[in-house]
Amino acid sequence: WRALKSWSLPRVAREVAAGVVRLSNGPNVVQCNRNHPLIKAGHFEPPSRPVMMPGHEFVARLRPGRQGLAPLLYGEDERVYLQTEAPDSMLRDAPVPDAWKKLGVEAGGCTNFWVSSAGLVSPLHYDGTHSFLAQVKGRKRMLLWDAALLPDFYVYPPKHPLYRRSRVDIQVP
C-alpha cells in the first residue's frame with residue numbers, strides 16, 4: 001500500500017487546501033449537531049467546535065507548541081482534529097484492498113480523511129452509516145459492541161444535540 005510510505009504531515013500541509021478542523025478543550029473530541037436549535041440559540045454549549053482551516057495551519061497546530069500559533073478557543077489544552085474529504089492526489093496512493101472489494105466496498109463518493117495527534121479520543125458513540133476504516137499511520141484502539149447492547153450505553157435521544165453519543169464515559173467507569 002503506497003499510502004504507508006507516501007502519506008505524511010508535510011504532504012497533508014501541501015495537499016489539503018482546507019478542511020473542517022474540530023477544536024476541543026483536551027483529548028476528548030465530542031461531536032454534536034452544530035445546527036441544533038439549542039446550540040444556535042445559545043442554550044447548549046457544544047463540547048467541541050468546527051472551524052475551516054487550511055491544511056498547512058492544521059499541521060502547524062498539530063505539532064507540539066503549535067509552532068508559535070495562539071490557541072483559537074480553548075487555551076493551552078486545545079486539540080485539533082482534521083475531518084475532511086480525502087484529496088484525490090492522496091487517494092491514488094490508497095486503493096481499495098482486494099479483500100474489501102470482495103465485500104462490495106468501492107472507492108468513490110465522499111472518502112473521509114481524518115487526522116489527529118496521538119491520544120485523541122472520540123468518546124463512545126455509534127455511527128449512522130456503515131464504515132470501513134483504514135488506519136494508515138500510528139495506532140488506533142477501537143472498542144466494538146453488539147448493537148443489542150445500545151440501550152445499556154444511555155445514548156442521547158434523537159432530538160438532543162449529542163444524539164448518537166453515549167452518556168457513559170468508558171474511560172472513567
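Two strands are taken to pair if DSSP finds at least two bridges between them, and helices (H or I, at least four residues) and strands (E, at least two) are DSSP runs, numbered from the N terminus. The structure is a predicted model, in which local features need pLDDT of at least 70 and side-chain atom pairs count only at pLDDT 80 or more, while totals for chains, interfaces and linings use all residues. Residues are numbered from 1 along each chain as its sequence is written, and side-chain values use heavy atoms, with hydrogens and water left out.

The chain holds six helices and four strands, which follow one another from the N terminus in the order α-α-β-α-β-α-β-α-α-β. Its radius of gyration, taken over C-alpha atoms, is 17 Å, close to the 16 Å that the globule rule (2.2 Å times the number of residues to the power 0.38) gives for 173 residues, so the chain is as compact as a globular protein of that length. The C-alpha trace spans about 45 × 45 × 30 Å along its principal axes. Of the 173 residues, 30% count as buried, where buried means under 20% relative accessible area, exposed over 50% and partly exposed in between (1.4 Å probe, protein chains only). With contact defined as heavy atoms within 4.5 Å, residues 24 or more positions apart account for 75% of the contacts with a separation of 6 or more.

The four strands form an open sheet in the order β2-β1-β3-β4, with antiparallel pairing. Strands β2 and β4 stand at the edges with a single partner strand each, so one side of each is left without a neighbour in the sheet. Neighbouring strands are turned by 25° against each other on average, direction ignored; axes are lines fitted to C-alpha atoms, for helices over the stretch in contact, and angles run from 0 to 180 degrees between N-to-C directions. Strand β1 (residues 19-25) is joined to β2 (residues 48-53) by six bridges in the antiparallel sense, and R22 stands opposite P50 in β2. Six bridges also link β1 to β3 (residues 78-85), again antiparallel; in β3, L82 is the bridge partner of V21, and E78 stands opposite N25.

Five of the seven residues of β1 are buried, so this strand is largely enclosed by the rest of the structure. Within β1, S24 counts as buried because its relative accessibility is 0%. A polar atom of the S24 side chain lies 2.6 Å from the backbone oxygen of G26. Beyond its neighbours within four places in sequence, S24 is in contact with V29, S48, Y74, D77, E78 and R79.

Helix α4 (residues 55-62) lies across β1, β2, β3 and β4 and runs at about 145° to β3. Not counting residues up to four places away in sequence, V12 touches G55, F58, V59, L82, M90 and F113.

In the segment after β4 (112-116), D146 is exposed, with a relative accessible area of 52%. The side chain of D146 reaches the backbone nitrogen of A148 at 2.7 Å. The C-alpha atoms of D146 and V136, 10 residues apart along the chain, are separated by 26 Å.

Technical notes
Polar contact = N/O pair within 3.5 Å; in protein donor to acceptor, adjacent residues only side chain to side chain.
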